[in-house]
Amino acid sequence: MKTVCLFFQIHQPFRHRRYRFFDIGNDHYYYDDYTNESILRNIAQKSYLPTNKLLLKLATLLKDKFKVSFSISGLALEQFELYAPEVIISFQKLAKTGCVEFLSETYSHSLASLKDKTIFEQQVKLHDKIIFELFGVKPRIFRNTEMIYSDKIGAQIAEMGYNAILTEGAKQVLGWKSPNYVYVNAINPRLKVLMRNFKLSDDIAFRFSNTNWAEYPLTADKFVNWLEKANPKEELFNLFLSYGSFGERQPKESGIFDFLEKFSMQVANHSKLKFATPSEVIEELQPVSAESVPHPISWADNERDLTAWLGNGMQKEAFEKLYNLRHQIAKCTETEMIKDWNYLQASDHFYYMSTKYFSDGEVHSYFNPFDSPYEAFINYMNVLSDFKIRLNTFVPENEVENEISALQKIVAEKEEKIRKLEATVSALEKKGKMKKTRLK
Amino acid sequence: MKVLMFGWEFPPHISGGLGTACFGLTKGMAKLNQVGVIFVVPKVFGDEEHSAILLIGANNVPITRKEIRFEDVQQKIDYYEVESKLVPYVGEEEFWTLKSHKYSKEIRFVNTNDGYKIEFSGKYGPDLLQEIRNYALVAEIIARDNQFDVIHAHDWLTFPAGIAAKNNSRKPLVVHVHATEFDRSGGNVNPKVYAIEREGMETADAIIAVSGLTKNIIIEKYGIPPGKITVVYNAVEPVPDETDKGLQKGVNEKIVTFLGRITMQKGPEYFIEAAKHVLKKMNNVRFVMAGSGDLMNPMIARVAELGISDHFHFTGFLKGNDVIQMLRMTDVFVMPSVSEPFGIVPLEAMQFNVPVIISNQSGVAEIIENAIKIDFWDIYAMADAIYGILNYKSLAKHFKREGKQEVENLEWVNSASAVTDVYKSVL
């Protein structure tokens, strides 16, 4: 018996509007509502809603023979609430079938795991909270932003109580080994590691409608046949995709929905294949070995590393400047500030600043609201400058400012006192006058 | 293979990018060592006093011949100078005011007695077109006395010369469009200049455009079939590495530079408006407008009107070393051109480790990645880009390093090779 593990990632950032430097200190609204709403409505109509509908149909039809897992970022959920609440309702319906597992991730789809333990933990907790509120479940499996993973991140995730993590079956770490087994974290072997089969996953996500591809057209029969023909010892096919692959990257006209339906029916009714959620996978299958990942990997670009977000000097500066604020933000209790802080952390902002033109530039520009990485960088830094100014008013940055704000407080107090005293004086004066007149 | 090339200026006597481009191209060809070049230019350039004095007394003008040696490649090109009153990059009107009060006589060409002497006699008419026809006459003589396989004419002033040489020798003609009348005039197209350009393009066997932008203008405005036009981008001459040579700025402030002719084509007013916005937010920055042109006085007036004169400086026309000095002092270089067929100055700035902002309406934007590209009219984007480069360190750092590397890969030898391919296609 071989297991197929279907997992879909859903994330949408709050894209910034053109925020010029003249806005710094004057205008504190950073978001392009129109773009965010239209992108979200568009992808919901084209992809999320029809795919959810199909999955619901499959789940009702195949009952618990059909299994699928999701991770939805907190920012995406917030935008659904704002612009397309019907998407949340359709996910809730799916959740009720019992065929769905929701995974944990960072609330902002952020890069916090690479910077700060506390922030990372906060982000994860915040995400699990919203998942519990909406779907009534507590995630047990973790999937980090864009499959970013390293031994250290895994160890921390284990410490936080999760049983397994999803990541990319990157060639630079797997080498000759196959992603089609369960592995464990090299530091803490209690954490299972599920590695994405990028060949099979990308056949669906990227190549499905590519007429130049040798395997075009890809049919469910063909795909199932590949799974059957695989090495008999291999036990697991991790198909991890971005949910937008259905209906957005592969348009409806390409027959992607038909493919998904037929494929799911065939696997569910197959004698040697079955679906499982990540939780079921780690209960049923034995890990084969530890997998050492000293340097972070991800599922992005050809390099499968962090260079899509932290590849150039601009990205690094923006990233450092953002997280330099973390100690200040820890003391801040303003809801508006914390909201902006969460939105600012979205990894997308750094992705837009990538200068990898030649190899993966096309993918980068496809999702990029900016014409150039430089524009993206300037815009982000302008926003961050304003955010910092606001933060300083709530939480002073250093001793001088601390002192100033303390002094301001004292001055305010004294002024209040003076006002009160003046009031008493004038009251007394009035009394005195009245006495005098009475004496006369 | 030998090419007879008509230009109008050659370093060090240059007034714009064309001379630099011709020099680079011929040097690239020398390096390539496949094509011999005979280069013809009128000796007198945009310098009015100089030309006036030389021309008035001249009724027996020699065509001098000399060799130019490129030190590093051990190759030479033949170089001719033709005394003539050709003023590059001026509209007819300017040319007319320049000459009308100085010349009352007419000039006409008479037969030459030998290959190197032409007699000028009579008067100049107040007509630039006559000048160009004169140049064409000289071209005929040169064409008659030299052996070559292809004719290559740079920009409209030399097109009649190229056509004359073609008619005389029956060799194929390649015209090289560095700018069109639409770029220079900003819409007020001189129909006579247009006619000369169009005739040159139609007569030519092949056309070289300096950018896709220019190619499109040639197709759309001159009705030339696209198949006849090849885009060959310019390159830059490498400069010695001078990263260590720090230059002391007189002021401890950031410097933002506009460098070019102050004419409508270059969009100086947008630079000023952007400066105003930047100065609202930061004080430790100075703006420099280096160059001269017919819009200089209105620009000075505008700067005064905005009340930013204390942070905005006009240098007048800069030459040679001064340009390099200026670039070395610069923290951001801006080229807000309204219509720029190519635009070589940003590449030079990048060579000196200067981050550049260029308009999308420039040909150079087609080949450069490590620059901020904005629409010339979008002063907010321009101001934002200036502010960003000045304030966010990693951005300037990125441009300095990557930009320099990028321009170093632009070599004239590649352009020369592309031009040679065009020659081969017409032979």
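Predicted model: local features only at pLDDT ≥ 70, side-chain atom pairs only at ≥ 80, totals over all residues.
Chain B contains 15 helices and 18 strands. Of its 427 residues, 57% are buried. Among the contacts in chain B with a separation of 6 or more, 69% are between residues 24 or more positions apart. The accessible surface of chain B amounts to about 17700 Å², and carbon and sulfur atoms contribute 48% of this area. One element that is mostly covered is helix α5 of chain B (residues 159-169), in which eight of 11 residues are buried. The buried residues of α5(B) are B:F159, B:P160, B:A161, B:G162, B:I163, B:A164, B:A165 and B:K166. Just after α5(B), residue B:R170 adopts a positive phi of about 60°.

The size of an interface is often expressed as the accessible area lost when the parts come together. Between chain B and chain A, about 1700 Å² is buried, with 63% of it on carbon and sulfur atoms. Three residues, B:K281, B:D384 and B:Y392, provide 36% of the area that chain B buries against chain A, more than any other three residues. In terms of contacts, 22 residues of chain B meet 20 residues of chain A.

Two salt bridges are found across the interface of chain B and chain A. In one salt bridge, A:R20 pairs with B:D384, and the closest N and O atoms are 3.5 Å apart. Polar contacts across the interface of chain B and chain A involve 10 residue pairs. On the side of chain B that touches chain A, two or more residues each come from α9 (268-281), β18 (372-374), α13 (379-391) and α14 (393-408) of chain B. Helix α13(B) gives the largest share of this side, with seven residues. By class, the side of chain B that touches chain A comprises 11 nonpolar, five polar and six charged residues.

Over all chains, the structure holds 43 salt bridges. Side chains of opposite charge can pair when their charged atoms come close. An α-helix has 3.6 residues a turn, so residues three or four places apart point the same way. In helix α4 of chain A (residues 117-135), A:K129 and A:E133 lie four residues apart, about one turn of the helix. Their side chains form a salt bridge with an N to O distance of 4.0 Å, and A:E133 counts as exposed at 55% relative accessibility.

In helix α18 of chain A (residues 399-439), A:R419 and A:E416 are three residues apart and therefore separated by about one helical turn. The salt bridge between the side chains of A:R419 and A:E416 has an N to O distance of 2.7 Å. A:R419 is exposed, at 52% relative accessible area, whereas A:E416 is partly exposed, at 36%.

In chain B, the closest N and O atoms of the salt bridge between B:R302 and B:E305 are 3.1 Å apart. These two residues are three places apart in helix α10 (residues 296-306) of chain B, so about one helical turn separates B:R302 from B:E305. B:R302 is partly exposed, with a relative accessible area of 26%, and B:E305 is exposed, with 60%. In chain A, salt bridges with shared partners link A:E168, A:R196, A:D202 and A:R304 into one network.

Beyond its neighbours within four places in sequence, A:E291 contacts A:D151, A:V173, A:L174, A:K177, A:Y183, A:V184, A:A186 and A:M195.

Note on methods:
Residues numbered from 1 in each chain as written. Chains lettered and ligands numbered in written order. Heavy atoms only, no water. Contact = heavy atoms within 4.5 Å. Buried area = accessible area lost by both parts, 1.4 Å probe. Polar contact = N/O pair within 3.5 Å; in protein donor to acceptor, adjacent residues only side chain to side chain. Nonpolar A, V, L, I, M, F, W, Y, C, P; charged D, E, K, R; others polar. Buried < 20%, exposed > 50% of the residue type's maximum accessible area, 1.4 Å probe, protein only. Areas by Shrake-Rupley, 256 points an atom, 1.4 Å probe, with all protein chains shown as cover.
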